[in-house]
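Please report on the charged side chains in this protein. Keep it brief.

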Amino acid sequence: KAPFEKHILINYDLLERNKTALKIKNFDMITLDECHKIKNTDSIRSQSIHDLQKLTQARLCLLSGTPATNTAEDIFSYLKLTSHKYGNKKLFYDKFIEEYKDKTGKTKRRGKNLQFLNYCISNLMIRRRKSILNLPPKNYVKLMFDMDKDIHEEYRNQLYDIVNKSESGQLSKTQTQLSLQSLNILSAKSKVPKLIPMIEGIINKKYTVYVDEKLVEGSTTTTIEDKPIEVNGKIVIFCVNTEPINMLAEYFGSRAVVIDGKVKMKERFKIATLFRKSRTINVLIGQTDACGIGLNLVNKQKDKGLVPIHTVLHVNFPLTWAQVEQASDRVHRMGQWYPEGVDILCAFSKGTIDEKLYELIKRKYEDVSTLIEGQKEDINLEEVNFSDIEVSVDDIKDIINTDDKFTTFLTEDIK
């Protein structure tokens, strides 16, 4: 039936299976939403799009809020699909990608001539900036915590075990990534108990909202309009791993809802609506990948009786700042009206993988912003140091400052 329909909506995963049927239809336009999902030109998904476009001669419209997340290489697939001059792989890599040696002697790639690449794509990319929405500001805050002594010891032991196995060739790339994930989980476990008092303070803050209340006396119903009532605040918490999600969910119990990878998309919308509207559910705990896209977590000013949601907490981090931004934008989006802006709290454990992750995603963001915006932009987080935790971290600071193996391992191999 599909070839005879005027409009066809299909997801990327079904495209390859239905490619033969779809090519019969002479499409005028193919629109690719979330086009960053086809940035790998060697993938079956990307090749299916390329074949379909070639067979139908359709025009392409590519849509994405995050067209590039890691490097300039993310842009190449768009240029190839649109038959741009630099859609030729050799030309593109000669002009915009360079190889270099890292501290360990490994060959890596990075972008070059990014401002010129921005100029080259300016005739095919229309950028709709958020500034046209007149939203309140984003207030980034970097929360610094000392690591608990017992977890610090386990963290250090795991770290050296990973370094030694990596040097002796006992760890594959996948095993290395899993080991780094384990370190990230330990860091998150240390942060969660310290974050809970702060979260309690946020959700126990009182807000005055206005409701219409109906009073029934006998056969007479009276409506009191705009009756003021006090309600508690709300917070949205993002975690990369399931362990801190489980810790937070266990503590907050019925006051919290969870959206992780196990929750189906249709249910995610229902949970998001429940969180927004309920007066007894004050915490949404989301896995960054599952909860960080597609959901609207804003209560508009005209939504009577609903408290403004304006606080986001990131317990730990993915590998790109675009994912942090995209998740935070569940709250900082059209309809957000809270005059003081959206507070985006980013939690770090001192002297751990957190700081190296931040350096990595900051470096990526600077390159991507040059490519997309035409100028380098920086991530500026106002730092708040939680020094009231009576735990010494001198040992781990010494490792960070003096151990080249530690620094090299975290800054380079994490890629």
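Is Asp-94 exposed, partly exposed or buried? Asp-94 counts as partly exposed, at 47% relative accessibility. Buried means under 20% relative accessible area, exposed over 50%, and partly exposed in between (1.4 Å probe, protein chains only).

This is a predicted model: local features need pLDDT of at least 70, side-chain atom pairs count only at pLDDT 80 or more, and totals for chains, interfaces and linings use all residues. Residues are numbered from 1 along each chain as its sequence is written, and side-chain values use heavy atoms, leaving out hydrogens and water.

The whole structure holds 11 salt bridges. A salt bridge is a side-chain nitrogen of Lys or Arg within 4 Å of a carboxyl oxygen of Asp or Glu. Three of them, among others, are tabulated here.

| Pair | Closest N to O |
|---|---|
| Arg-109 and Glu-73 | 3.0 Å |
| Arg-156 and Glu-153 | 3.5 Å |

Arg-109 lies in strand β4 and Glu-73 in the loop between β2 and α4, so the pair ties together parts that are 36 residues apart in sequence. Helices (H or I, at least four residues) and strands (E, at least two) are DSSP runs, numbered from the N terminus. Glu-73 is buried at 18%; Arg-109 is partly exposed at 46%.

Lys-90 and Asp-94 both sit in helix α5, four residues apart. Lys-90 is exposed, at 59%.

Asp-260 is buried yet has no salt bridge. Lys-262, the nearest side chain of opposite charge, is 4.1 Å away. Lys and Arg count as positive, Asp and Glu as negative; His and the chain ends are not counted.
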